[in-house]
Amino acid sequence: MEYFTSNVKSLTIELAVLDTLSSFSNIPFIYHFENTAAADKRDLFMPGDALRFSFYKALLEFPVLAGHLHMDSVGKGSIVVDRNNLNLPEYRESTCDVHFDELKAANYHWDLFPKNLVSVCVVTTAGADGVIKLANIHCARLRDNSGMLIFANMSHYVVDGVGFCAFMDRWAKYCCQVSDEYAGPTVEHREFLFDRSIVHKALSSSRRPTHPVTSHMFFVPRLAASVLAWISPALRGRIMSAIASMGKPEAHMFHVSTERLEALRQSLCDYIPSDMHLSDNDLIASLASMTIVNGIRGAATSQRSWGVLGQLKSMWSSVLGSLFVKTKDEHITFIIADIRHRLGISDCDYTGNCVIPQLVVNPLQRMETPASPESYVHVASRVRAAVQDLDAPYISQFVDTLNRHPSSFAQPLVYTINHPEKVFITNQSRFPLYDLDFGFGTPAWVSPIPHSAINFVKVMPVHPSQTGYNIHMTTTKYAMRNILCSQSWLQLATLIF
(Lines give C-alpha, C1' and ligand atoms only; values in the text may rest on other atoms or scores of the structure.)
Protein backbone atom coordinates (compact mmCIF):
# COMPACT_ATOMS: atom_id res chain seq x y z
CA MET A 1 0.00 0.00 0.00
CA GLU A 2 2.79 2.40 0.84
CA TYR A 3 4.19 2.01 -2.67
CA PHE A 4 0.87 3.24 -4.06
CA THR A 5 0.18 6.06 -1.59
CA SER A 6 3.73 7.41 -1.99
CA ASN A 7 3.60 7.51 -5.79
CA VAL A 8 -0.01 8.24 -6.75
CA LYS A 9 -0.80 11.69 -8.11
CA SER A 10 -3.97 13.65 -7.56
CA LEU A 11 -6.28 13.95 -10.55
CA THR A 12 -9.91 14.47 -11.48
CA ILE A 13 -11.63 12.42 -14.18
CA GLU A 14 -14.88 13.78 -15.54
CA LEU A 15 -17.30 10.93 -16.16
CA ALA A 16 -19.23 10.68 -19.42
CA VAL A 17 -22.82 9.69 -20.13
CA LEU A 18 -21.73 6.13 -21.01
CA ASP A 19 -20.34 5.82 -17.46
CA THR A 20 -23.54 6.92 -15.75
CA LEU A 21 -25.58 4.74 -18.12
CA SER A 22 -23.97 1.64 -16.58
CA SER A 23 -23.40 3.13 -13.14
CA PHE A 24 -26.02 1.20 -11.18
CA SER A 25 -24.18 -2.10 -11.59
CA ASN A 26 -20.97 -3.78 -10.48
CA ILE A 27 -18.58 -6.09 -12.35
CA PRO A 28 -17.93 -9.03 -9.98
CA PHE A 29 -16.13 -12.29 -10.75
CA ILE A 30 -14.80 -15.15 -8.64
CA TYR A 31 -11.61 -16.90 -9.75
CA HIS A 32 -10.88 -20.43 -8.52
CA PHE A 33 -7.17 -21.30 -8.42
CA GLU A 34 -5.95 -24.81 -7.58
CA ASN A 35 -2.61 -25.52 -5.95
CA THR A 36 -1.07 -28.16 -8.21
CA ALA A 37 2.52 -27.75 -7.03
CA ALA A 38 4.69 -30.63 -5.91
CA ALA A 39 4.58 -31.51 -2.22
CA ASP A 40 7.80 -29.65 -1.41
CA LYS A 41 6.54 -26.43 -3.02
CA ARG A 42 2.90 -26.34 -1.95
CA ASP A 43 3.64 -23.83 0.81
CA LEU A 44 4.84 -21.33 -1.81
CA PHE A 45 1.44 -21.12 -3.53
CA MET A 46 0.19 -17.55 -4.18
CA PRO A 47 1.88 -15.85 -1.19
CA GLY A 48 -0.18 -13.10 0.38
CA ASP A 49 2.67 -10.56 0.47
CA ALA A 50 3.29 -10.91 -3.27
CA LEU A 51 -0.42 -10.64 -4.12
CA ARG A 52 -0.84 -7.56 -1.94
CA PHE A 53 2.29 -5.75 -3.19
CA SER A 54 1.53 -6.44 -6.85
CA PHE A 55 -2.07 -5.31 -6.39
CA TYR A 56 -0.95 -1.85 -5.36
CA LYS A 57 1.60 -1.74 -8.20
CA ALA A 58 -1.24 -2.41 -10.65
CA LEU A 59 -3.41 0.13 -8.83
CA LEU A 60 -0.85 2.82 -9.65
CA GLU A 61 -1.77 2.24 -13.31
CA PHE A 62 -5.48 2.49 -12.40
CA PRO A 63 -5.59 5.34 -9.84
CA VAL A 64 -9.22 5.94 -10.78
CA LEU A 65 -10.10 2.93 -8.59
CA ALA A 66 -8.87 4.87 -5.53
CA GLY A 67 -10.97 7.95 -6.15
CA HIS A 68 -14.12 9.41 -4.63
CA LEU A 69 -17.30 9.48 -6.70
CA HIS A 70 -19.02 12.85 -7.03
CA MET A 71 -22.31 13.40 -8.87
CA ASP A 72 -24.54 16.45 -9.24
CA SER A 73 -28.33 16.57 -9.31
CA VAL A 74 -28.67 16.17 -13.08
CA GLY A 75 -26.51 13.09 -13.54
CA LYS A 76 -23.07 14.53 -14.30
CA GLY A 77 -20.24 12.97 -12.31
CA SER A 78 -16.53 12.87 -11.70
CA ILE A 79 -13.95 10.74 -9.92
CA VAL A 80 -11.62 12.74 -7.69
CA VAL A 81 -8.33 11.08 -6.77
CA ASP A 82 -6.85 13.10 -3.90
CA ARG A 83 -3.56 11.65 -2.70
CA ASN A 84 -4.24 13.16 0.73
CA ASN A 85 -7.75 11.70 0.93
CA LEU A 86 -7.80 8.43 -0.99
CA ASN A 87 -10.75 6.09 -1.27
CA LEU A 88 -8.64 2.94 -1.37
CA PRO A 89 -10.19 -0.28 -2.69
CA GLU A 90 -11.37 -2.83 -0.16
CA TYR A 91 -8.65 -5.49 0.04
CA ARG A 92 -9.37 -8.46 2.30
CA GLU A 93 -7.54 -11.70 3.04
CA SER A 94 -8.87 -14.75 4.84
CA THR A 95 -8.53 -18.50 5.30
CA CYS A 96 -11.36 -21.01 5.27
CA ASP A 97 -12.16 -24.65 5.98
CA VAL A 98 -13.18 -25.55 2.42
CA HIS A 99 -10.77 -27.73 0.44
CA PHE A 100 -10.36 -27.19 -3.31
CA ASP A 101 -11.19 -30.86 -3.95
CA GLU A 102 -14.57 -30.29 -2.31
CA LEU A 103 -15.26 -27.35 -4.59
CA LYS A 104 -14.24 -29.35 -7.64
CA ALA A 105 -16.42 -32.31 -6.65
CA ALA A 106 -19.41 -29.95 -6.35
CA ASN A 107 -18.75 -28.38 -9.78
CA TYR A 108 -17.74 -25.19 -7.95
CA HIS A 109 -21.22 -24.65 -6.59
CA TRP A 110 -21.76 -21.34 -4.82
CA ASP A 111 -23.08 -23.08 -1.69
CA LEU A 112 -19.55 -24.14 -0.79
CA PHE A 113 -18.15 -20.62 -0.85
CA PRO A 114 -16.60 -19.40 2.39
CA LYS A 115 -18.81 -17.11 4.40
CA ASN A 116 -18.50 -13.45 3.40
CA LEU A 117 -16.40 -14.22 0.34
CA VAL A 118 -18.57 -11.87 -1.71
CA SER A 119 -18.73 -8.43 -0.10
CA VAL A 120 -20.99 -6.65 -2.62
CA CYS A 121 -24.12 -7.35 -4.63
CA VAL A 122 -24.70 -6.75 -8.32
CA VAL A 123 -25.95 -3.20 -7.61
CA THR A 124 -23.42 -0.50 -6.78
CA THR A 125 -24.04 0.39 -3.14
CA ALA A 126 -22.18 2.17 -0.37
CA GLY A 127 -20.39 0.31 2.40
CA ALA A 128 -21.01 0.60 6.13
CA ASP A 129 -19.16 3.92 6.16
CA GLY A 130 -21.51 5.38 3.55
CA VAL A 131 -18.80 5.49 0.88
CA ILE A 132 -18.97 3.70 -2.47
CA LYS A 133 -15.80 1.69 -2.98
CA LEU A 134 -14.82 1.54 -6.63
CA ALA A 135 -13.05 -1.82 -6.24
CA ASN A 136 -13.34 -4.77 -3.86
CA ILE A 137 -10.92 -7.67 -3.53
CA HIS A 138 -11.08 -10.73 -1.27
CA CYS A 139 -8.37 -13.41 -1.39
CA ALA A 140 -9.60 -16.52 0.44
CA ARG A 141 -7.02 -19.26 0.99
CA LEU A 142 -8.55 -22.73 1.01
CA ARG A 143 -7.88 -25.48 3.54
CA ASP A 144 -4.41 -27.04 3.51
CA ASN A 145 -3.37 -24.35 1.04
CA SER A 146 -5.16 -26.45 -1.59
CA GLY A 147 -6.15 -23.40 -3.60
CA MET A 148 -7.38 -19.84 -3.48
CA LEU A 149 -10.55 -18.02 -4.37
CA ILE A 150 -10.15 -14.42 -5.53
CA PHE A 151 -13.29 -12.34 -5.51
CA ALA A 152 -12.77 -9.20 -7.58
CA ASN A 153 -15.31 -6.46 -8.16
CA MET A 154 -15.13 -3.06 -9.82
CA SER A 155 -17.82 -0.44 -10.14
CA HIS A 156 -19.26 0.23 -13.57
CA TYR A 157 -18.96 3.92 -12.74
CA VAL A 158 -15.28 3.79 -13.69
CA VAL A 159 -14.58 0.76 -15.91
CA ASP A 160 -16.38 -1.72 -18.11
CA GLY A 161 -15.50 -5.38 -18.62
CA VAL A 162 -12.52 -4.51 -20.82
CA GLY A 163 -11.14 -2.21 -18.12
CA PHE A 164 -11.79 -4.84 -15.44
CA CYS A 165 -9.85 -7.49 -17.35
CA ALA A 166 -7.01 -5.05 -18.08
CA PHE A 167 -6.52 -4.36 -14.38
CA MET A 168 -6.63 -8.03 -13.42
CA ASP A 169 -4.08 -8.84 -16.13
CA ARG A 170 -1.70 -6.16 -14.84
CA TRP A 171 -2.10 -7.37 -11.25
CA ALA A 172 -1.24 -10.92 -12.31
CA LYS A 173 1.75 -9.85 -14.41
CA TYR A 174 3.23 -7.83 -11.54
CA CYS A 175 2.69 -10.78 -9.18
CA CYS A 176 4.56 -13.11 -11.55
CA GLN A 177 7.50 -10.72 -11.59
CA VAL A 178 7.75 -10.74 -7.78
CA SER A 179 8.49 -14.49 -7.79
CA ASP A 180 12.14 -15.51 -7.36
CA GLU A 181 11.68 -18.02 -10.18
CA TYR A 182 10.40 -15.45 -12.70
CA ALA A 183 12.57 -15.43 -15.81
CA GLY A 184 10.36 -13.43 -18.18
CA PRO A 185 10.74 -9.86 -19.41
CA THR A 186 10.53 -6.99 -16.96
CA VAL A 187 6.97 -5.75 -16.51
CA GLU A 188 7.20 -2.04 -17.29
CA HIS A 189 4.76 0.58 -16.06
CA ARG A 190 1.94 1.01 -18.58
CA GLU A 191 -0.23 4.06 -19.16
CA PHE A 192 -3.93 3.35 -19.55
CA LEU A 193 -6.35 5.97 -20.83
CA PHE A 194 -9.12 7.33 -18.61
CA ASP A 195 -9.90 10.56 -20.47
CA ARG A 196 -13.55 10.24 -21.50
CA SER A 197 -13.08 12.70 -24.38
CA ILE A 198 -11.56 9.79 -26.34
CA VAL A 199 -15.06 8.50 -27.08
CA HIS A 200 -16.33 11.95 -28.03
CA LYS A 201 -13.44 12.46 -30.46
CA ALA A 202 -14.13 9.07 -32.06
CA LEU A 203 -17.78 9.81 -32.84
CA SER A 204 -18.77 9.87 -36.48
CA SER A 205 -19.42 13.13 -38.32
CA SER A 206 -22.61 11.53 -39.60
CA ARG A 207 -25.74 10.96 -37.55
CA ARG A 208 -28.60 8.48 -37.91
CA PRO A 209 -31.80 8.51 -35.84
CA THR A 210 -32.12 6.04 -32.99
CA HIS A 211 -34.92 3.47 -32.87
CA PRO A 212 -38.28 5.06 -31.85
CA VAL A 213 -38.57 2.79 -28.80
CA THR A 214 -35.02 3.73 -27.76
CA SER A 215 -35.86 7.42 -28.10
CA HIS A 216 -39.06 6.99 -26.11
CA MET A 217 -37.37 5.03 -23.34
CA PHE A 218 -34.32 7.22 -22.87
CA PHE A 219 -35.25 10.71 -23.93
CA VAL A 220 -38.88 11.38 -22.95
CA PRO A 221 -38.65 13.05 -19.51
CA ARG A 222 -40.25 11.08 -16.65
CA LEU A 223 -40.62 12.30 -13.10
CA ALA A 224 -39.52 9.02 -11.49
CA ALA A 225 -36.34 8.93 -13.59
CA SER A 226 -35.56 12.55 -12.73
CA VAL A 227 -35.86 11.72 -9.03
CA LEU A 228 -33.55 8.71 -9.37
CA ALA A 229 -30.99 10.85 -11.18
CA TRP A 230 -31.28 13.64 -8.60
CA ILE A 231 -30.68 11.57 -5.46
CA SER A 232 -27.21 10.54 -4.34
CA PRO A 233 -25.54 7.42 -5.83
CA ALA A 234 -25.56 5.81 -2.37
CA LEU A 235 -29.31 6.31 -1.92
CA ARG A 236 -30.01 5.23 -5.48
CA GLY A 237 -28.03 2.08 -4.86
CA ARG A 238 -30.00 1.26 -1.71
CA ILE A 239 -33.30 1.73 -3.54
CA MET A 240 -32.28 -0.37 -6.54
CA SER A 241 -30.84 -3.11 -4.31
CA ALA A 242 -34.06 -3.28 -2.27
CA ILE A 243 -36.23 -3.48 -5.39
CA ALA A 244 -34.00 -6.18 -6.90
CA SER A 245 -34.30 -8.33 -3.78
CA MET A 246 -38.12 -8.15 -3.91
CA GLY A 247 -38.10 -10.29 -7.04
CA LYS A 248 -36.66 -13.24 -5.08
CA PRO A 249 -33.80 -13.86 -7.54
CA GLU A 250 -32.57 -17.35 -8.32
CA ALA A 251 -29.59 -18.08 -10.56
CA HIS A 252 -28.19 -21.17 -12.25
CA MET A 253 -25.21 -21.94 -14.46
CA PHE A 254 -25.71 -23.85 -17.69
CA HIS A 255 -23.32 -25.12 -20.35
CA VAL A 256 -24.05 -24.87 -24.06
CA SER A 257 -21.71 -27.09 -26.06
CA THR A 258 -20.53 -26.26 -29.56
CA GLU A 259 -22.09 -29.52 -30.78
CA ARG A 260 -25.55 -28.70 -29.46
CA LEU A 261 -25.39 -25.17 -30.79
CA GLU A 262 -24.44 -26.42 -34.23
CA ALA A 263 -27.23 -28.99 -34.10
CA LEU A 264 -29.69 -26.18 -33.35
CA ARG A 265 -28.35 -24.14 -36.25
CA GLN A 266 -28.70 -27.08 -38.61
CA SER A 267 -32.29 -27.67 -37.51
CA LEU A 268 -33.10 -24.07 -38.44
CA CYS A 269 -31.43 -24.05 -41.85
CA ASP A 270 -34.68 -24.38 -43.77
CA TYR A 271 -36.09 -21.31 -41.99
CA ILE A 272 -33.07 -18.97 -42.16
CA PRO A 273 -32.89 -16.73 -45.26
CA SER A 274 -29.97 -17.65 -47.50
CA ASP A 275 -28.41 -14.19 -47.14
CA MET A 276 -28.50 -14.23 -43.33
CA HIS A 277 -25.92 -15.66 -40.94
CA LEU A 278 -27.03 -16.11 -37.35
CA SER A 279 -24.14 -15.99 -34.89
CA ASP A 280 -23.85 -18.08 -31.75
CA ASN A 281 -24.83 -15.00 -29.75
CA ASP A 282 -27.95 -14.46 -31.89
CA LEU A 283 -29.12 -18.00 -31.24
CA ILE A 284 -28.33 -18.00 -27.51
CA ALA A 285 -29.86 -14.55 -26.95
CA SER A 286 -33.09 -15.44 -28.75
CA LEU A 287 -33.60 -18.78 -27.04
CA ALA A 288 -32.62 -17.46 -23.59
CA SER A 289 -34.94 -14.45 -23.81
CA MET A 290 -37.86 -16.57 -25.06
CA THR A 291 -37.20 -19.08 -22.29
CA ILE A 292 -37.29 -16.40 -19.60
CA VAL A 293 -40.46 -14.79 -21.01
CA ASN A 294 -42.23 -18.14 -21.07
CA GLY A 295 -40.90 -18.93 -17.59
CA ILE A 296 -42.46 -15.72 -16.33
CA ARG A 297 -45.71 -16.40 -18.13
CA GLY A 298 -45.92 -19.87 -16.62
CA ALA A 299 -45.07 -18.69 -13.14
CA ALA A 300 -47.67 -17.93 -10.53
CA THR A 301 -48.67 -14.33 -11.27
CA SER A 302 -50.70 -13.73 -8.16
CA GLN A 303 -48.96 -11.11 -6.05
CA ARG A 304 -50.18 -13.03 -3.01
CA SER A 305 -47.61 -15.72 -3.76
CA TRP A 306 -44.87 -13.10 -3.45
CA GLY A 307 -45.73 -12.18 0.12
CA VAL A 308 -45.57 -8.69 1.60
CA LEU A 309 -42.47 -7.66 -0.39
CA GLY A 310 -44.16 -8.68 -3.61
CA GLN A 311 -47.20 -6.59 -2.76
CA LEU A 312 -44.94 -3.62 -2.06
CA LYS A 313 -43.26 -4.12 -5.41
CA SER A 314 -46.65 -4.28 -7.11
CA MET A 315 -47.64 -1.02 -5.46
CA TRP A 316 -44.34 0.55 -6.56
CA SER A 317 -44.91 -0.62 -10.13
CA SER A 318 -48.42 0.83 -10.07
CA VAL A 319 -47.02 4.19 -9.05
CA LEU A 320 -44.41 4.02 -11.79
CA GLY A 321 -47.05 2.96 -14.28
CA SER A 322 -48.61 6.39 -13.94
CA LEU A 323 -45.24 8.02 -14.57
CA PHE A 324 -43.91 5.85 -17.39
CA VAL A 325 -46.07 4.68 -20.30
CA LYS A 326 -45.91 0.92 -20.63
CA THR A 327 -45.51 -0.75 -23.99
CA LYS A 328 -47.82 -3.59 -23.11
CA ASP A 329 -47.71 -5.32 -26.46
CA GLU A 330 -43.97 -5.18 -26.92
CA HIS A 331 -41.13 -7.10 -25.38
CA ILE A 332 -37.64 -5.64 -25.14
CA THR A 333 -34.38 -7.53 -24.86
CA PHE A 334 -31.40 -5.35 -24.00
CA ILE A 335 -28.24 -6.49 -25.80
CA ILE A 336 -25.23 -4.99 -24.00
CA ALA A 337 -22.82 -4.17 -26.82
CA ASP A 338 -19.18 -3.07 -26.77
CA ILE A 339 -18.77 -0.20 -29.25
CA ARG A 340 -14.96 0.17 -29.27
CA HIS A 341 -14.43 -1.52 -32.62
CA ARG A 342 -17.38 0.34 -34.11
CA LEU A 343 -15.73 3.65 -33.21
CA GLY A 344 -12.21 2.55 -34.10
CA ILE A 345 -10.73 2.77 -30.59
CA SER A 346 -10.14 -0.92 -29.82
CA ASP A 347 -6.36 -0.56 -29.64
CA CYS A 348 -5.93 2.59 -27.56
CA ASP A 349 -6.03 1.10 -24.00
CA TYR A 350 -9.18 3.04 -23.10
CA THR A 351 -10.65 1.53 -19.93
CA GLY A 352 -13.73 3.68 -19.35
CA ASN A 353 -17.22 2.53 -20.19
CA CYS A 354 -17.67 1.87 -23.88
CA VAL A 355 -20.85 -0.20 -23.94
CA ILE A 356 -24.42 0.72 -24.78
CA PRO A 357 -27.71 -1.20 -24.52
CA GLN A 358 -29.13 -2.00 -27.93
CA LEU A 359 -32.85 -2.74 -27.85
CA VAL A 360 -34.37 -5.75 -29.59
CA VAL A 361 -38.10 -5.16 -29.91
CA ASN A 362 -40.51 -8.03 -30.51
CA PRO A 363 -44.25 -8.44 -30.16
CA LEU A 364 -44.82 -9.87 -26.70
CA GLN A 365 -47.20 -12.42 -28.19
CA ARG A 366 -44.40 -13.68 -30.44
CA MET A 367 -42.09 -14.15 -27.46
CA GLU A 368 -44.75 -16.14 -25.65
CA THR A 369 -45.50 -18.54 -28.49
CA PRO A 370 -44.53 -22.20 -28.09
CA ALA A 371 -40.97 -22.98 -29.14
CA SER A 372 -40.67 -23.68 -32.86
CA PRO A 373 -38.07 -23.19 -35.61
CA GLU A 374 -40.10 -20.28 -36.98
CA SER A 375 -40.24 -18.48 -33.63
CA TYR A 376 -36.52 -19.05 -32.98
CA VAL A 377 -35.52 -17.66 -36.34
CA HIS A 378 -37.88 -14.69 -36.04
CA VAL A 379 -36.44 -13.60 -32.69
CA ALA A 380 -32.84 -14.43 -33.62
CA SER A 381 -33.13 -12.41 -36.82
CA ARG A 382 -34.33 -9.43 -34.77
CA VAL A 383 -31.25 -9.78 -32.58
CA ARG A 384 -29.02 -9.93 -35.68
CA ALA A 385 -30.67 -6.84 -37.20
CA ALA A 386 -30.36 -4.86 -33.95
CA VAL A 387 -26.65 -5.68 -33.58
CA GLN A 388 -25.94 -4.86 -37.22
CA ASP A 389 -27.75 -1.56 -36.79
CA LEU A 390 -25.11 -0.42 -34.31
CA ASP A 391 -22.88 1.54 -36.65
CA ALA A 392 -20.90 4.71 -35.89
CA PRO A 393 -23.60 7.22 -37.04
CA TYR A 394 -26.25 5.48 -34.91
CA ILE A 395 -23.97 5.35 -31.86
CA SER A 396 -22.98 8.99 -32.35
CA GLN A 397 -26.60 10.12 -32.40
CA PHE A 398 -27.35 8.08 -29.27
CA VAL A 399 -24.38 9.54 -27.36
CA ASP A 400 -25.17 13.09 -28.53
CA THR A 401 -28.72 12.81 -27.27
CA LEU A 402 -27.56 11.36 -23.94
CA ASN A 403 -25.26 14.34 -23.55
CA ARG A 404 -28.19 16.70 -24.03
CA HIS A 405 -30.17 14.80 -21.37
CA PRO A 406 -27.60 13.66 -18.76
CA SER A 407 -30.30 12.47 -16.34
CA SER A 408 -31.63 10.06 -18.99
CA PHE A 409 -29.36 7.31 -17.64
CA ALA A 410 -32.07 6.68 -15.03
CA GLN A 411 -34.84 6.18 -17.60
CA PRO A 412 -34.09 2.48 -18.22
CA LEU A 413 -34.10 1.89 -14.45
CA VAL A 414 -37.71 3.01 -14.30
CA TYR A 415 -38.60 0.98 -17.35
CA THR A 416 -37.09 -2.25 -16.07
CA ILE A 417 -38.83 -1.94 -12.70
CA ASN A 418 -42.15 -1.55 -14.44
CA HIS A 419 -41.62 -4.32 -17.03
CA PRO A 420 -41.01 -7.65 -15.28
CA GLU A 421 -40.64 -9.52 -18.59
CA LYS A 422 -37.64 -7.53 -19.93
CA VAL A 423 -34.39 -9.45 -20.53
CA PHE A 424 -30.74 -8.37 -20.50
CA ILE A 425 -28.09 -10.26 -22.48
CA THR A 426 -24.38 -9.58 -22.13
CA ASN A 427 -21.81 -11.65 -23.99
CA GLN A 428 -18.61 -11.89 -21.96
CA SER A 429 -17.27 -14.96 -23.75
CA ARG A 430 -14.31 -13.00 -25.17
CA PHE A 431 -13.15 -11.78 -21.77
CA PRO A 432 -9.75 -13.38 -21.06
CA LEU A 433 -10.92 -14.65 -17.68
CA TYR A 434 -9.10 -17.99 -18.01
CA ASP A 435 -5.80 -16.36 -19.09
CA LEU A 436 -5.16 -14.89 -15.65
CA ASP A 437 -1.96 -16.31 -14.14
CA PHE A 438 -0.34 -15.00 -10.96
CA GLY A 439 2.59 -17.34 -11.51
CA PHE A 440 0.93 -20.52 -10.24
CA GLY A 441 -1.34 -21.52 -13.11
CA THR A 442 -4.55 -20.26 -14.63
CA PRO A 443 -7.93 -20.60 -12.88
CA ALA A 444 -9.79 -23.89 -12.99
CA TRP A 445 -13.12 -22.08 -12.90
CA VAL A 446 -14.41 -18.50 -13.14
CA SER A 447 -17.95 -17.44 -12.38
CA PRO A 448 -20.04 -14.37 -11.57
CA ILE A 449 -21.41 -13.96 -8.07
CA PRO A 450 -24.45 -16.15 -7.30
CA HIS A 451 -27.15 -13.63 -8.20
CA SER A 452 -27.30 -11.00 -10.90
CA ALA A 453 -30.14 -8.65 -11.76
CA ILE A 454 -33.52 -10.22 -12.50
CA ASN A 455 -33.77 -11.62 -16.05
CA PHE A 456 -30.06 -11.11 -16.67
CA VAL A 457 -28.20 -13.57 -18.88
CA LYS A 458 -24.40 -13.65 -19.05
CA VAL A 459 -22.75 -15.61 -21.85
CA MET A 460 -19.47 -16.70 -20.27
CA PRO A 461 -16.28 -18.25 -21.60
CA VAL A 462 -15.52 -21.87 -20.76
CA HIS A 463 -12.31 -23.42 -19.51
CA PRO A 464 -9.84 -24.01 -22.39
CA SER A 465 -10.38 -27.75 -21.99
CA GLN A 466 -14.02 -27.31 -23.07
CA THR A 467 -15.88 -25.88 -26.04
CA GLY A 468 -18.99 -23.75 -26.17
CA TYR A 469 -20.23 -21.32 -23.57
CA ASN A 470 -21.31 -21.19 -19.95
CA ILE A 471 -24.59 -19.37 -19.38
CA HIS A 472 -25.30 -17.60 -16.09
CA MET A 473 -29.03 -16.94 -15.88
CA THR A 474 -30.86 -15.06 -13.13
CA THR A 475 -34.62 -14.62 -12.90
CA THR A 476 -37.27 -14.93 -10.20
CA LYS A 477 -37.46 -18.23 -8.40
CA TYR A 478 -41.01 -18.66 -9.73
CA ALA A 479 -39.91 -18.29 -13.35
CA MET A 480 -36.83 -20.44 -12.77
CA ARG A 481 -39.01 -23.38 -11.74
CA ASN A 482 -40.45 -23.39 -15.24
CA ILE A 483 -37.11 -22.82 -16.95
CA LEU A 484 -35.62 -25.86 -15.22
CA CYS A 485 -38.41 -27.90 -16.80
CA SER A 486 -38.26 -26.27 -20.23
CA GLN A 487 -37.53 -28.96 -22.80
CA SER A 488 -36.64 -26.43 -25.50
CA TRP A 489 -34.01 -24.79 -23.26
CA LEU A 490 -32.63 -28.03 -21.85
CA GLN A 491 -32.21 -29.48 -25.34
CA LEU A 492 -29.57 -26.80 -25.83
CA ALA A 493 -28.27 -26.13 -22.32
CA THR A 494 -27.01 -28.58 -19.71
CA LEU A 495 -27.49 -27.59 -16.07
CA ILE A 496 -24.17 -27.29 -14.21
CA PHE A 497 -25.66 -26.16 -10.91
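The structure, a predicted model, holds zero disulfides. C139 takes part in none, and the nearest cysteine sulfur, that of C175, lies 9.2 Å away. With a relative accessibility of 3%, C139 counts as buried. C485, by contrast, is exposed, its relative accessible area being 57%.

## A three-stranded sheet

An open sheet is formed by three strands in the order β1-β4-β3, with antiparallel pairing. Its edge strands, β1 (11-14) and β3 (68-71), each pair on one side only. On average, and with direction ignored, neighbouring strands of this sheet are turned by 25 degrees against each other.

Four bridges join β3 to strand β4 (residues 77-81) in the antiparallel sense. Within β4, S78 stands opposite H70.

## Aromatic rings

The structure holds 25 aromatic pairs. In one of them, F33 and F438 have ring centres 5.6 Å apart and planes at 80 degrees, so the pair is edge-to-face. F33 belongs to strand β2 (residues 26-34) and F438 to the loop between β11 (423-427) and β12 (445-447), so the pair ties together parts that are 405 residues apart in sequence. F33 is buried at 1% relative accessibility, and F438 is buried with a relative accessible area of 1%.

The rings of F62 and F167 are also edge-to-face, because their planes stand at 90 degrees, with the centres 5.3 Å apart. F62 lies in the loop between α3 (48-59) and β3, and F167 in helix α5 (residues 161-178), so this pair links parts 105 residues apart in sequence. F62 is buried at 0% relative accessibility, and F167 is buried at 1%.

One aromatic cluster includes F33, F438, F62 and F167, and among its other members are Y31 and W171.

## A charge over a ring

The charged end of K458 sits over the ring of F456, at 5.9 Å from the ring centre.

Terms used. Residues numbered from 1 in each chain as written. Predicted model: local features only at pLDDT ≥ 70, side-chain atom pairs only at ≥ 80, totals over all residues. Heavy atoms only, no water. Disulfide = S-S within 2.5 Å. Buried < 20%, exposed > 50% of the residue type's maximum accessible area, 1.4 Å probe, protein only. Pairing = 2+ DSSP bridges. Helix = DSSP H or I, 4+ residues; strand = E, 2+ residues; numbered from the N terminus. Axes fitted to C-alpha atoms, helices over the stretch in contact; angles between N-to-C directions. Phe/Tyr/Trp six-rings, centres within 6.5 Å; stacked < 30°, edge-to-face > 60°. Lys NZ or Arg CZ within 6 Å of the ring centre and 35° of its normal.
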